[in-house]
Amino acid sequence: MRFVDEFRDAEKAHALAAKIAALCEPGRQYKFMEVCGGHTHTIYKHGLEDYLPETITLVHGPGCPVCVIPMGRVDDAMHLAAQPDVIMTSFGDMMRVPGSEGSFFDAKARGTDIRMVYSPLDSLKIARANPDKRVVFMAIGFETTAPSTAMTLLRAAAEGLRNFSVFCNHVTIIPAIKAILDSPDLRLDGFIGPGHVSTVIGCRPYEFIARDYDRPVVVAGFEPLDILQSIYMLMLQLAEGRSQVENQYSRVVPWNGNLVALKAISQTMELRPYFEWRGLGFISHSALRVRDSYAAFDGERLFEVPGVRVADPKACQCGEVLKGVLKPWECKVFGTACTPETPIGTCMVSPEGACAAYYNYGRMHRQRVAEAAGTGGVTHP
Amino acid sequence: MTASRQPPGGWIAEALREHEEHEEHAGRGQPQRAGRRQPGAADREQQVLDRIDRARKRRPRVREDRITMAHGAGGKATHTLIEAIFLEAFRNPLLEPLEDAASLRLGGARLALTTDSYVVSPLFFPGGCIGDLAVNGTVNDLSVVGAAPRFLSAGFILEEGFPVADLARIATAIRDAADGAGVAVVTGDTKVVERGKADGCYINTAGVGIVERDAALGVAQARPGDAVLVSGPIGDHGVTIMLARGELDIEADVSSDTAPLNGLAAALADAVPGLRAMRDATRGGVATILNEIARAAGVGVDVSEDDIPVRPAVRGAAELLGIDPLYVACEGRLVAVVDGGQADAALAVLRGHPLGAEAQIIGHVTGELPGIVRLKTAFGGTRIVDLLVGDPLPRIC
């Protein structure tokens with residue numbers, strides 16, 4: 001398949017792996033964080049770690065939209081969905097995220113009207129078709145999905161729809177990266193920058209990482225060769241003593257971002273003073289809310305939202321996983337009490353969550369290493 | 001300031017309690033050796049993997065208090081529901097293997113019996129309709145246990161207001177499909193429910209077939225060294241249905257692979273004495289069958305992504321939608337496990353039949369990693385392929 005197979009070429013991967021291995025300083029350990037959950041998914045789905053020397057560790061970051069939604073916020077959404085005449089619409093990812101009384105799927109089974117949509121614009125279709133109902137779109141995601149919510153708000157306003165609103169949970173990536181950089185628990189050698197977020201915000205916002213924290217950043221695409229190449233680019237920067245922001249995903253990411261998308265966001269949304277992130281706690285200016293001028297489409301203003309903060313179950317260590325401090329399997333309940341089938345923590349829900357990716361694809365790390373050493377699996381060059 | 005609440009009780013507390021009880025129990029038999037040094041990261045990871053293995057062998061329990069769509073998706077939740085509710089209630093030696101059809105003896109004859117319900121939406125789609133599925137699905141469930149399908153029943157649940165012309169079309173499709181498969185619909189039932197209590201037309205069919213061969217087929221028969229084959233490109237049906245719903249604004253030149261597999265299955269069974277098992281890859285796709293083999297036989301299954309046939313249009317649509325063709329339903333493809341020495345012969349038989357022209361050997365059974373399906377990715381890495389969780393495509397058949 002064109003535009004896909006080129007980026008999954010095993011021969012090119014072997015060549016890149018050899019170049020990466022050649023850049024490894026003997027005795028040095030390297031730790032890179034892939035910020036975006038989409039990267040985590042690619043890494044596990046294609047078995048990319050097989051190509052890396054054992055001295056390079058990939059640490060999974062917080063860039064998974066459903067993973068960072070705190071439980072209280074899920075409960076708020078459930079409360080909204082249960083109001084009379086409400087149809088809640090949501091991306092499929094969100095459906096299995098546990099609230100204190102179960103997930104959207106469970107609520108749906110109890111009779112709450114929750115519908116899965118592929119685009120927020122589909123919510124407008126539902127609103128037009130059900131004029132006697134109130135349609136609330138559960139908006140989640142980073143800057144990647146915020147523009148489509150913004151466009152939906154603009155469209156709803158232009159049409160004068162009176163039965164559509166957004167429950168806004170959009171978050172922004174930079175404050176989360178900063179929180180991780182400031183966290184004392186973790187020493188990282190560089191970042192694989194989020195590709196799709198960067199199609200919107202561009203590469204400039206990462207410059208402080210190189211300048212103030214002296215860490216290289218390579219914005220990467222989502223095919224396995226993209227990620228392997230970005231690891232090579234990070235290794236090259238380290239070998240040459242550079243800390244810069246580089247763009248591996250230049251076929252999609254413009255250096256200055258997408259001005260149309262940014263304008264749509266700033267027209268309809270503004271930064272919240274603070275927002276709670278699962279595991280990372282309250283981070284100031286890290287999320288978006290609907291602007292006053294679009295108040296008529298703001299679910300939080302139209303409905304009474306309880307806004308109760310719910311502490312995570314004690315056994316759940318999603319926070320440590322999201323910060324990259326713990327590997328998924330190091331969480332006490334990983335794979336036993338918490339599985340993709342009955343997730344306790346959000347990291348086990350989304351295909352972009354580190355725990356789900358590890359559980360579904362990677363749960364045999366040791367054997368893989370043994371195989372590489374012996375019986376003709378992928379060998380490290 | 002926002003109010004704060006303690007972590008929820010309910011199901012999470014219960015899951016944690018069960019987890020702790022289980023760990024305590026598992027730990028009792030294995031006292032820590034004195035003077036043992038702190039285990040390294042790799043050892044600790046292995047301990048976690050062992051713990052997960054034990055957790056997965058626990059008796060299945062349905063945690064939800066209501067049925068969710070996941071219970072019908074053919075993945076983990078379906079397995080749990082079947083084992084915890086139905087197997088618990090009906091347990092008997094004929095049911096217990098949970099094969100596609102039960103094999104039984106009746107007055108000297110060896111028979112196979114199966115039943116299946118069809119709720120596909122839309123009712124008509126490129127390549128067929130619910131009527132084709134209702135015949136072929138049941139014929140295939142009989143065929144893969146080594147039976148020759150003979151007689152079918154057909155039960156209809158119709159919604160008030162359903163067009164009679166559509167029902168006539170479906171009936172014609174059922175007749176044509178039955179003729180094609182060499183079976184007869186010999187009994188039936190009709191119910192009508194109020195508007196809104198069903199979605200147009202649901203069909204249930206049961207089928208009886210006769211078993212004339214001696215070899216016992218079943219996924220539990222798989223053993224290391226065996227080869228795993230698939231009879232053609234996978235995922236056509238699932239992707240066709242998804243696109244036919246028109247919710248996605250994607251168009252592709254695909255049609256359902258719905259077909260009766262009795263001829264193909266019989267040809268394979270006749271020609272290959274080392275045939276261990278066949279399954280038709282419906283809900284949950286080929287990945288689910290590979291996992292069933294690994295679990296039932298206590299073996300590992302290694303497959304290679306490069307060898308698994310997927311049509312470009314199906315791959316493209318799956319890629320766009322972020323789903324894995326390995327989990328997408330087929331309605332006319334079988335997965336076969338055969339003695340490794342007879343793999344090429346089996347492939348030749350499959351390819352010699354019109355429904356198996358694009359058959360492939362996709363992998364083999366190993367003695368390593370019992371219970372685990374391992375995929376060599378096209379990119380050159382390895383990963384596991386687990387049972388599906390959740391339901392990307394409801395009402396596919």
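Which residues of α2(A) are buried? They are Gly37(A), Gly38(A), His39(A), Thr40(A), His41(A), Thr42(A), Ile43(A), Tyr44(A) and Lys45(A), where buried means that 20 or more other C-beta atoms, placed from the backbone, lie within 10 Å of a residue's own. That is 9 of the 9 residues of α2(A), so this helix is largely enclosed by the rest of the structure.

A word on the ground rules. This is a predicted model, in which local features need pLDDT of at least 70 and side-chain atom pairs count only at pLDDT 80 or more, while totals for chains, interfaces and linings use all residues. Residues are numbered from 1 along each chain as its sequence is written, with chains lettered from A and ligands numbered from 1 in the order in which they are written. Helices (H or I, at least four residues) and strands (E, at least two) are DSSP runs, numbered from the N terminus.

Helix α3 (residues 71-81) of chain A has 10 of its 11 residues buried, so α3(A) is also largely enclosed by the rest of the structure. Among them are Arg73(A), Asp75(A) and Asp76(A).

Now for the helix pairs. Axes here are lines fitted to C-alpha atoms, for helices over the stretch in contact, and angles run from 0 to 180 degrees between N-to-C directions. Angles under 35 degrees count as roughly parallel, over 145 as roughly antiparallel, 65 to 115 as roughly perpendicular and the rest as oblique.

| Helix pair | Axis separation | Angle |
|---|---|---|
| α6(A) and α11(A) | within 8 Å | roughly 60° |
| α5(A) and α6(A) | within 8 Å | roughly 30° |
| α7(B) and α10(B) | 9 Å | about 150° |

The roughly 60° crossing makes α6(A) oblique to α11(A). Residues in contact have C-beta atoms, placed from the backbone, within 7 Å, and on the α6(A) side these include Ala146(A), Pro147(A) and Leu154(A), while α11(A) brings Ile265(A) and Thr268(A), among others.

Over in chain B, the angle of about 150° makes α7(B) roughly antiparallel to α10(B). Leu264(B), Ala267(B), Leu268(B) and Ala271(B) meet Ala345(B), Ala346(B), Val349(B) and Leu350(B), giving 8 nonpolar, no polar and no charged residues.

Leu268(B) turns up again in the largest nonpolar core, which has 225 residues, as one of those with the most contacts inside that core. Such a core is a set of buried Ala, Val, Leu, Ile, Met, Phe, Trp, Tyr and Cys residues joined through C-beta atoms within 7 Å.

Finally, the interface: 51 residues come from chain A and 48 residues from chain B. α15(A) gives the largest share of the chain A side, 4 residues. That side has 25 nonpolar, 13 polar and 13 charged residues.

Notes: Two residues are in contact if their C-beta atoms, placed from the backbone, lie within 7 Å. Ala, Val, Leu, Ile, Met, Phe, Trp, Tyr, Cys and Pro count as nonpolar, Asp, Glu, Lys and Arg as charged, and the others, Gly among them, as polar. A residue is buried if 20 or more other C-beta atoms lie within 10 Å of its own, exposed if 12 or fewer, and partly exposed in between; C-beta atoms are placed from the backbone.
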